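Subject: Structure handover

Hello,

Here is the structure I said I would pass on. Please have it open while you read the notes under it.

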Amino acid sequence: MTQSITEVFADAFKTTFLLKSSPLVDCITNPVTIESMANALLYIDAKPVMADLPEEFPELFTQIDALLLNLGHISPERKDSLLAAGRYAAETHKPAVVDLVGVAATQLRYDIGQQLLQNHPNVVKGNISEVRRFAGLKSTGRGVDGSQLDQSATALAELTKALQELTERFPNTTFLATGETDLVVSAKGQWRLENGVPQLDRFTGTGDIVGALTAALLGIGLSNDEAVVLTVSYFNCCAEVAAAQNTAGGIASFREKTLDQLSLLADQADWVQMVKGEAL
Ligand SMILES: Nc1ncnc2c1ncn2[C@@H]1O[C@H](COP(=O)(O)OP(=O)(O)O)[C@@H](O)[C@H]1O
Ligand SMILES: Cc1ncsc1CCOP(=O)(O)O
Ligand SMILES: [Mg+2]
């Protein structure tokens, strides 16, 4: 019999939200969604710092609790910064999340993602099309968006297998592929998460926020698998509540309501009842 994720991760679901400490997360990220990301961290009671100059890393890394490396907008400087920070996190044992934004689109981003993987980050994530490309599978993603074609049951099964093989070489990394169904694969197991609403595809930064919030949960000491499962479930439940409230509004109102729920939903003791997902 399959086990529900609220059973598998029962302690984490009971104790994580509201955060009892405020983890400081350094986000080296893209200018498109940087403000949404910083605010999303604040809404869950984490603290953002968006520092990307390598000269600052020695001082900064004594203060931060976690690092987010987002490939969403590459410049020569940001490339150097991402690579230097990835190495520095490994040396200083800071938890790190790599978000493979645009890896389905260009070889350059694929190569940077692979270089960052060599540091054995805690989490590597992307939308399903980005993660397919990263795992060596055919991908139909365009730009920074995932493709519906990559979400069939066959494609998900194929991706699960490819990620399992990757965890043999990278046993300390948890892989997350997001979309209508979210797939989590680590050396400890595989899980499928089923919350969320289609409107999440219609505003920018949803995946970026999931990456930053995952880093925050690593920063308070959750395991890689716990941090990924809790973040995706919480964010997607926020979106479900927002969609239910947004009967007359457009996508901009849905966005605002989803972000608003980040600071509200945790206060509702029964939000965990909304969580859908199971071990594979
Ligand atoms: N069609 C959908 N149905 C339900 N949830 C979705 C859907 N599309 C995306 N999500 C959710 O939105 C978040 C961002 O996922 P995704 O859109 O795949 O990432 P990105 O923004 O990086 O392309 C994830 O939490 C994912 O579960
Ligand atoms: C970097 C970038 N370029 C166009 S939209 C965007 C943000 C992508 O964010 P997400 O991966 O969360 O959709
Ligand atoms: Mg993304």
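The notes below go through the sheet, the annotated positions and the surroundings of the ligand.

Please keep in mind that this is a predicted model.

The sheet

Nine strands form an open sheet with mixed pairing, in the order β2-β1-β3-β4-β5-β6-β7-β8-β9. At its edges are β2 and β9 (277-279), each of which pairs on one side only. From one strand to the next, the twist averages 20°.

One pairing in this sheet joins strand β1 (residues 24-28) to strand β3 (residues 66-70), in the parallel sense and over four bridges. Val 25 has Ala 66 in β3 as its bridge partner.

Helix α3 (residues 34-43) lies across β1 and β2, and runs at about 155° to β2. Helix α9 lies across β1, β3, β4 (96-99), β5 and β6, and its direction is at about 160° to β3.

An unreviewed UniProt entry lists Met 50 and Gly 205 under "binding site". Both of these positions are in loops.

Met 50 sits in the loop between β2 (47-49) and α4 (57-60). Met 50 has 16 C-beta neighbours inside 10 Å, so it counts as partly exposed. Leaving out residues up to four places away in sequence, Met 50 touches Cys 27, Thr 29, Ile 34 and Ala 38.

Gly 205 belongs to the loop between β8 (189-193) and α9 (206-219). Gly 205 counts as buried because it has 21 C-beta neighbours inside 10 Å, where 20 or more is the cut-off. Its contacts, apart from neighbours within four places in sequence, are Thr 33, Ser 36 and Met 37.

Lys 125 is part of strand β5 (residues 123-127). There are 28 other C-beta atoms within 10 Å of Lys 125, so this residue is buried. Beyond four places in sequence, Lys 125 is in contact with Val 97, Asp 99, Leu 100, Leu 176, Thr 178 and Gly 211.

Thr 178 lies in strand β6 (residues 174-178). Thr 178 is buried too, because 26 other C-beta atoms are within 10 Å. With neighbours within four places in sequence set aside, the contacts of Thr 178 are Lys 125, Asn 127, Ile 128, Gly 207, Val 210 and Val 232. The two listed residues are therefore in contact with each other, as the C-beta cut-off for a contact is 7 Å.

Around the ligand

Which residues come nearest to ligand 1? Of the 18 residues around ligand 1, they are Asn 127, Thr 178, Gly 196, Leu 200 and Gly 207. Helices α9 and α10 (224-245) are the elements that give two or more residues to this shell. By type, the shell around ligand 1 has six nonpolar, eight polar and four charged residues.

Regards

Terms used:
Residues are numbered from 1 along each chain as its sequence is written. Chains are lettered from A and ligands numbered from 1 in the order in which they are written. This is a predicted model: local features need pLDDT of at least 70, side-chain atom pairs count only at pLDDT 80 or more; totals for chains, interfaces and linings use all residues. UniProt positions are given in the numbering used here, feature names are shortened, and annotations may be inferred rather than shown by experiment. A residue is buried if 20 or more other C-beta atoms lie within 10 Å of its own, exposed if 12 or fewer, and partly exposed in between; C-beta atoms are placed from the backbone. A residue is near a molecule or strand if its C-beta atom, placed from the backbone, lies within 6 Å of it. Ala, Val, Leu, Ile, Met, Phe, Trp, Tyr, Cys and Pro count as nonpolar, Asp, Glu, Lys and Arg as charged, and the others, Gly among them, as polar. Two strands pair if DSSP finds at least two bridges between them. Axes are lines fitted to C-alpha atoms, for helices over the stretch in contact, and angles run from 0 to 180 degrees between N-to-C directions.
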